[in-house]
Amino acid sequence: AGSADGALTRLAEMFPGTDLVAFALHAEHGEFAHAIRSLVKTRWVEVDCEGVSVVAHTGTVDAMKLAKVVVGHMVIEPVSDVLWGAYMDLLNKLVQKATEAD
């Protein structure tokens, strides 16, 4: 049982198939930010939704219980360049080094 940011968990998030297992474990433990991280493979994500409804039972503030959360039409999109941008950057640097060597 490792932590959400442990080396084994981060490794599992990198590979197809095991990333779904990591997602499920994060979601099961209520670690939703980590769950999203395991699927999108980007540094930044944009979360957009049409509306959020929250139902809470309130006797007193210290005894408040969250009963229900309803999120309408949620979209999660990567914002930063994914691996394609990294590959292009690496290729550019390799060409630049080869040119400098000549």
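Colleague: What share of the 102 residues in the chain is buried, and what makes a residue count as buried?

Modeller: Buried residues make up 11% of the 102 residues, where buried means under 20% relative accessible area, exposed over 50%, and partly exposed in between, with a 1.4 Å probe and protein chains only. This is a predicted model, in which local features need pLDDT of at least 70 and side-chain atom pairs count only at pLDDT 80 or more, while totals for chains, interfaces and linings use all residues. Residues are numbered from 1 along each chain as its sequence is written, and side-chain values use heavy atoms, leaving out hydrogens and water.

Colleague: Why is His73 called exposed?

Modeller: His73 has a relative accessible area of 55%, and the term exposed applies over 50%, so His73 is exposed. The residue His73 sits in the loop between β3 and β4, strands being DSSP runs of E with at least two residues, numbered from the N terminus, and helices runs of H or I with at least four. Phi of His73 is near 45°, a positive value in a residue other than glycine.

Colleague: Why does Ile76 count as partly exposed?

Modeller: Ile76, which lies in strand β4 (residues 75-78), has 33% relative accessibility; partly exposed covers values between the limits for buried and exposed, and Ile76 therefore counts as partly exposed.

Colleague: How do you know which secondary structure elements the chain has?

Modeller: By those DSSP runs, the chain comes to four helices and four strands, and along the sequence they follow the pattern α-α-α-β-β-β-β-α.
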